[in-house]
Every structure is written in structure tokens, then in C-alpha cells.
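Q: Hi! I'm new to this one, could you walk me through it?
A: Happy to, let's look at it together.

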Amino acid sequence: MSRTYRNWAGNQVCLPAEILTPSTPDEVAAIVARAAEHGQRVKAVGAGHSFTSAAMTDGVLLSLDKVKAVESIDSATGRITVGAGMRLTELNKVLDGAGLAMPNLGDIAYQSIAGATATATHGTGADLGNLATTIVGMEIVDGRGQRIWCDETERPEFLRVASVGVGALGIITRVTLQCMPAFDLRATESIESLDDLLESFGDDVAANDHFEFFWMPGARRCQVKRNNRTADPREPESRMTYFRNKILTENIAAGLVVKVGARFPSAAPRIGELAGSSVKPRELVDKSYKIFASPRWIRFYEMEYGIPREAFPEAMSRVRDLVAGIGEPIFFPVEARVSAADDIPLSTGYGRDSAWIAVHVHKGGSYETYFQGVEKIMNDYEGRPHWGKLHFQDHTTLASRYPEWDAFQAVRAELDPAGRFANAYTDRVLGPVRS
Ligand SMILES: Cc1cc2nc3c(=O)[nH]c(=O)nc-3n(C[C@H](O)[C@H](O)[C@H](O)COP(=O)(O)OP(=O)(O)OC[C@H]3O[C@@H](n4cnc5c(N)ncnc54)[C@H](O)[C@@H]3O)c2cc1C
């Protein structure tokens with residue numbers, strides 16, 4: 001019997017012909033081969049944490065939740081080979097057990113490895129690429145159901161291209177990741193004015209391993225996070241303090257702000273200020289992965305754009321002006337981050353050091369006017385939308401923003417000539433498979 005599938009945010013839903021949960025790469029290959037015989041489309045889903053319809057299908061939906069075996073882990077080289085369906089939360093613990101860590105992570109760690117890397121999920125750090133840049137080997141099941149391994153020596157071009165495949169090249173079953181020795185971070189959180197942050201952005205980004213800030217529309221001040229590597233003794237938060245900061249303030253109180261704001265829109269600026277002032281300065285030292293990721297209880301919709309880093313202060317000021325004139329109160333923060341350039345053709349960081357501007361509204365809220373307004377600004381900077389977050393671009397507007405677009409399409413045509421892994425999202429953002 002067919003069942004519906006819904007993403008985390010609840011804004012994407014599909015009715016696949018079948019939902020299957022294979023346990024091994026061999027089973028994945030057999031399912032794809034069978035689908036090819038029957039002319040069915042196939043799509044893999046990770047944790048369903050994309051806001052776009054990237055993982056939706058009316059064909060066969062494959063959850064790789066069971067494909068998560070640790071094949072090898074080498075503390076000396078920092079390399080781990082693991083089933084690609086493993087969630088980042090689990091990966092972090094496995095790595096920690098071997099004295100290793102991911103060099104960087106995003107705000108959450110619920111995603112699967114394959115899902116996070118397929119959309120070029122990133123954290124923040126001037127010299128750190130997105131998560132896909134840690135891939136040094138992978139196995140991909142192609143459109144005919146063949147298992148293909150690629151790494152730095154075996155089919156290196158496949159590896160380079162398929163590291164960010166937007167789910168369109170095949171089903172990734174195993175990955176080798178280049179990790180690093182486990183490290184601790186000193187997290188320093190403060191409240192600072194947006195004007196000052198725009199002025200000192202370049203210096204802050206250069207002076208900190210991981211710099212980011214959150215600005216609540218309507219407020220003058222921002223919550224700023226500076227995370228830096230340290231050898232100092234650990235000073236983790238007590239359970240009580242963690243609950244107050246991460247659960248009460250960032251989730252429960254923020255949820256209330258959204259509810260009250262929706263009911264009394266005229267109070268928006270005051271609520272924005274209050275929400276800003278409820279966040280308190282904070283300092284702690286803990287394992288890196290515990291500092292990077294936070295729980296996210298409130299559901300929301302998000303769009304995020306990567307732009308050339310030097311354009312950030314101007315672009316962010318324009319977003320502030322847009323919000324002031326938009327006439328609709330917004331109760332979710334705008335987030336600012338950075339990432340380093342890489343050479344993966346469809347990576348949002350391809351060839352340029354990026355700054356990131358992410359805008360959010362609460363689940364069920366209307367976002368079109370706001371997000372389209374921000375997207376228009378980002379277009380002026382050749383902005384690249386996060387593949388897993390909402391946007392209004394299509395392949396005709398995106399192709400010129402990726403200098404190696406054709407290299408991607410050539411590998412796609414080789415791995416998936418029949419468009420087995422296409423769906424409405426890839427049709428829109430990548431176009432048809434080239435013959
Ligand atoms: C609360 C929240 C916080 C977030 N924070 C961040 C953040 O800090 N930084 C950031 O950059 N992004 C962030 N995101 C976005 C998120 O990281 C991406 O959308 C990511 O792709 C989700 O991973 P997933 O495992 O849920 O993949 P899914 O959403 O399930 O799938 C994403 C894509 O990957 C493909 N895919 C999945 N598995 C495979 C596979 N085995 N083989 C081939 N293709 C596959 C799917 O078909 C789809 O195209 C956040 C999202 C949410 C909801």
C-alpha cells in the first residue's frame with residue numbers, strides 16, 4: 001500500500017509508488033535495476049530536512065536509514081568509510097570514539113551524510129568548505145543499478161562532480177570522509193549592534209574559526225557566536241544552563257514570540273527587541289560537535305543564499321531595508337555565516353569564498369513576498385541558493401552561476417542517461433538529462 005511522505009518542515013509532501021528501506025548497497029543496486037526494468041523513477045531520502053522538494057517523488061522512495069555500517073575508521077589518517085545513510089549525530093559519536101571529528105558542521109546534526117552533502121550543507125568558517133568537501137571516496141549506484149566506486153585515484157572526475165549531486169546522479173551508498181583529530185571549541189556568545197557587525201564583518205570573519213550572527217528583524221542588536229579552537233580545560237554547561245539557553249530561550253521562548261507576533265502584528269518591533277534581549281551572553285568550552293549543533297524544536301521555512309563574501313555588508317544592509325519596508329512583521333532571525341571556496345561543480349561554494357544570508361518564517365507563515373524580495377537582492381550578487389532551501393530559481397537562471405555546469409551535466413548524462421533519478425525539483429533546477 002502506498003503511503004505519503006512529508007518533509008521535516010511539512011511544506012513538501014509526495015505519494016511515492018513505494019517506500020523501501022534497503023539494508024545494504026547490494027539491495028539498493030537491485031532496487032534501482034528493477035526500477036530501470038519497469039521504467040520507474042527512484043529517489044533517495046535522508047532525514048527529510050530539505051525545505052525544497054529535492055527528495056520528493058511519485059516513483060520509488062528509498063530511505064537509506066539502515067545503510068549506515070562503519071566499514072573502517074583510521075585514527076591515524078583521519079578517514080572513515082561508512083554507509084551514506086548514517087545521520088550526522090551518529091557519525092559525530094562514532095568519530096569521537098576514535099578521537100576524530102568533522103572539521104565543521106551546520107546548526108543541526110539530524111541530517112544523513114548523503115543528504116547533507118548532496119545539497120552542499122555548510123557551517124560557518126572563513127577557511128572551511130561545506131560538508132561535501134570532506135568526501136574523498138564514494139560509492140554511487142547509477143541509473144542502471146550498477147555500483148560504482150570513485151575516489152582520488154579511481155574515477156576522480158566522478159568523485160569531484162558527485163560530491164554535490166543534488167540527488168540527481170545516483171544513489172550514494174558508501175562514503176569515505178576525511179576527518180581530523182577531535183578538537184574542542186570555546187563558544188563565546190554576545191549581543192552586539194548590527195551596524196557594528198556590518199562594519200567589522202571582514203575582521204570578525206578573519207579573527208575567528210567560526211563566526212556567525214543572528215539578527216531579529218526589527219531589532220538593533222544581534223546574537224553573535226564566535227567559536228574558536230582551544231586546548232583550555234573543558235567548561236561544559238550544566239544540564240540546567242543548557243536547558244535555559246538552548247531549550248527555553250532558543251526554542252520555547254522563540255516559539256512564543258512567533259505565536260504572539262502572529263496574533264499582534266503591530267507589536268512586531270517591540271517583540272523583536274524583547275526576543276533579542278532575552279538572549280544572554282554565554283561562554284563555554286566543549287567538544288566541537290556539541291558546540292556546533294543545537295536542537296531545533298520550532299518548525300520553520302527557510303531560504304539561504306551564498307554570495308561573494310565581500311558583498312556581504314552591502315547585501316545585508318539591503319535586506320534590513322527591505323524588511324523595514326515590507327509591511328509584514330517577521331518573527332524569525334536572519335542568519336549570517338561564511339564558508340570557503342571549493343572546486344565541486346555544483347557546490348554553492350564553487351570558486352568563491354562565500355557569505356551566507358538565511359531568512360526564515362515560521363511554519364505555515366507566508367514567505368513569498370519576503371523571500372522573493374531577498375532573492376531579488378541576492379540576484380544582484382550572482383547569489384547561489386542553497387539546494388535544500390526554498391528559492392524561486394530554475395536551470396535557466398542558475399546555469400550561468402556555475403562555471404562548470406556543463407561538466408556536471410556531462411557526468412549526469414553518463415551516470416543517469418534515462419533520468420531515473422529525476423523529479424520535479426531536478427527538472428526545474430537542473431533541467432532534463434542531456435542526450
Ligand atoms: C532545522 C534545519 C536546520 C538546518 N541547518 C542547516 C545548516 O546549518 N546548514 C546548511 O547548509 N543547511 C542546513 N539545513 C538544510 C539541510 O542541511 C539540507 O537540506 C540537507 O540536504 C538535509 O539533509 P537530509 O539528510 O535531510 O536530506 P534530504 O532532505 O532527505 O535530501 C536532500 C537531497 O539529498 C538527496 N539524497 C539523500 N540521500 C541520498 C543518497 N543516499 N544518495 C543520493 N542522494 C541522496 C535527496 O534525494 C535530496 O535530493 C537545515 C535544515 C533544517 C530543517
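**A chat about the model**

A: Let's start with a helix: α1 (residues 25-38) lies across β3, β4 and β5, and runs at about 175° to β5. Keep in mind that this is a predicted model.

Q: Okay, and what order do the strands have in that open sheet?
A: The order is β3-β5-β4, an open sheet of three strands with parallel pairing.

Q: Which ones are the edge strands?
A: Those are β3 (18-20) and β4, each of which pairs on one side only.

Q: How much twist is there from one strand to the next?
A: The twist averages 25° from one strand to the next.

Q: Over how many bridges do β4 and β5 pair?
A: Strand β5 (residues 60-63) and β4 pair over four bridges, in the parallel sense.

Q: Switching topic: which residues are closest to the ligand?
A: The closest are G46, G106, G115, G167 and G388, and 32 residues surround the ligand.

Q: Which element gives the most to that shell?
A: Helix α3 does, with four residues. At least two residues each come from β4 (42-45), α3 (113-118) and β11 (171-178).

Q: And how do the shell residues divide by class?
A: Around the ligand there are 15 nonpolar, 14 polar and three charged residues.

Q: How many residues are in contact between them?
A: On the domain 1 side 25 residues are in contact with 25 residues of domain 2. Helices α2 (88-97) and α4 (156-162) each supply at least two residues of the side of domain 1 that touches domain 2. By class, that side of domain 1 has 12 nonpolar, nine polar and four charged residues.

Q: Is M378 buried or exposed, and why?
A: M378 is buried, because 25 other C-beta atoms lie within 10 Å, and the cut-off for buried is 20 or more.

Q: What is M378 in contact with, leaving aside its neighbours within four places in sequence?
A: Its contacts are Y305, I307, A315 and G383.

Q: How far apart are M378 and Y305?
A: In sequence, M378 and Y305 are 73 residues apart, while in space they are 6.9 Å apart, C-alpha to C-alpha.

Methods:
Residues are numbered from 1 along each chain as its sequence is written. This is a predicted model: local features need pLDDT of at least 70, side-chain atom pairs count only at pLDDT 80 or more; totals for chains, interfaces and linings use all residues. Two residues are in contact if their C-beta atoms, placed from the backbone, lie within 7 Å. Ala, Val, Leu, Ile, Met, Phe, Trp, Tyr, Cys and Pro count as nonpolar, Asp, Glu, Lys and Arg as charged, and the others, Gly among them, as polar. A residue is near a molecule or strand if its C-beta atom, placed from the backbone, lies within 6 Å of it. Two strands pair if DSSP finds at least two bridges between them. Axes are lines fitted to C-alpha atoms, for helices over the stretch in contact, and angles run from 0 to 180 degrees between N-to-C directions. A residue is buried if 20 or more other C-beta atoms lie within 10 Å of its own, exposed if 12 or fewer, and partly exposed in between; C-beta atoms are placed from the backbone.
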